[in-house]
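This report covers a strand pairing, a helix packing and the surroundings of a ligand.

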Amino acid sequence: MAWRGARLVLDLKCVLPSPPAPPSARTNRAPRQATPGHPGAERWLWLRLKLIADAGLVGLPNAGKSTFLATVSAAKPKIADYPFTTLHPQLGVVAVDDRSLVLADIPGLIEGAHEGHGVGDRFLGHIERCSVLLHLIDGLALEQDGDVVAAYRTIREELDAYGGGLAAKPEIIGLNKTDALPEDDVQAKLAALREAAAPNPVLPLSAATGQGVTAVLHALADQVDAERRARAEAAQHDRTGWSPLDPPRQRPAEAGK
Ligand SMILES: Nc1nc2c(ncn2[C@@H]2O[C@H](COP(=O)(O)OP(=O)(O)O)[C@@H](O)[C@H]2O)c(=O)[nH]1
Ligand SMILES: [Mg+2]
């Protein structure tokens with residue numbers, strides 16, 4: 001086979017017999033005939049890698065996305081209390097009871113990411129194929145960055161501005177760092193977020209201590225399962241043109257009666 005760039009331009013399988021014919025059957029051993037070829041086409045292709053993960057982590061920098069990935073999987077992302085510690089997407093495999101899902105951690109988004117602010121929003125391509133998004137909110141970063149609802153809306157606006165169906169994906173919102181918040185604060189922030197994010201579920205958690213993490217994983221896995229079932233049903237329907245939900249068809253013999 002001869003390749004030009006990533007494109008197959010000639011496949012020699014068509015002229016080499018496989019397996020080789022016995023010597024007595026070999027003819028035309030010094031061929032003097034050739035068929036004219038066709039002019040080749042040449043083009044530049046830009047290929048864009050999109051990771052395949054079941055669930056994607058989104059949030060402002062420092063929300064605790066990488067800490068969550070490190071807590072629930074064997075992945076070892078860089079974690080620190082300054083923005084943009086994560087510059088490349090990271091994947092982790094998460095076991096949830098007898099189920100498993102792949103979780104993608106991506107760099108934090110900031111206001112104006114769709115205009116190139118921070119590290120931009122190109123890496124959102126990696127979560128375009130996710131079944132569900134886990135949107136983490138930093139429960140501690142209020143003084144500098146406004147309230148939790150403002151943080152939530154900033155990310156929603158960026159997802160909307162990016163497009164790619166991200167804003168329409170099922171979303172679970174996690175109020176993170178509850179280990180460092182008084183219970184009253186946790187309840188007030190949960191109530192404010194639930195009002196802003198309705199009807200999406202809002203769950204409290206601490207990625208650092210693991211408190212509340214199991215409930216978040218169950219919510220993610222349920223959503224991933226639902227999406228897998230829906231995809232399997234759609235694929236089955238495409239293959240057969242038939243769905244269990246279709247009304248029963250008459251057999252030809254019955255139709256003639
Ligand atoms: N107290 C507390 N700190 C956390 C928690 N999760 C993350 N952090 C801290 O928040 C900072 C940013 O975490 P990181 O996972 O890098 O955030 P990312 O930018 O969203 O990936 C780090 O100093 C973490 O140790 C948590 O549940 N509780
Ligand atoms: Mg990170």
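## Strands β4 and β5

In this predicted model, strands β4 (residues 90–96) and β5 (residues 99–105) run antiparallel and are joined by seven bridges.

## Packing of helices α3 and α4

Two packed helices are described by the angle between their axes and the distance between the axes. For α3 (residues 148–162) and α4 (residues 183–197), the angle is about 35° and the axes are 9 Å apart. The crossing of α3 past α4 is right-handed.

On the α3 side, the contact is formed by V148, V149, Y152 and R153. Their counterparts in α4 are K189, A192, L193, A196 and A197. By class, seven residues in the contact of α3 with α4 are nonpolar and two are charged, with no polar residues.

The shell around ligand 1 holds 21 residues, of which G64, S66, T67, D81 and A208 come nearest. Helix α1 (residues 65–72) gives the most to this shell, with three residues.

Sorted by class, the shell around ligand 1 has 10 polar, seven nonpolar and four charged residues.

How values were computed. Residues are numbered from 1 along each chain as its sequence is written. Chains are lettered from A and ligands numbered from 1 in the order in which they are written. This is a predicted model: local features need pLDDT of at least 70, side-chain atom pairs count only at pLDDT 80 or more; totals for chains, interfaces and linings use all residues. A residue is near a molecule or strand if its C-beta atom, placed from the backbone, lies within 6 Å of it. Helices (H or I, at least four residues) and strands (E, at least two) are DSSP runs, numbered from the N terminus. Ala, Val, Leu, Ile, Met, Phe, Trp, Tyr, Cys and Pro count as nonpolar, Asp, Glu, Lys and Arg as charged, and the others, Gly among them, as polar. Two strands pair if DSSP finds at least two bridges between them. Axes are lines fitted to C-alpha atoms, for helices over the stretch in contact, and angles run from 0 to 180 degrees between N-to-C directions. A crossing is left-handed if the near helix is turned anticlockwise from the far one by less than a right angle, and right-handed if clockwise. Two residues are in contact if their C-beta atoms, placed from the backbone, lie within 7 Å.
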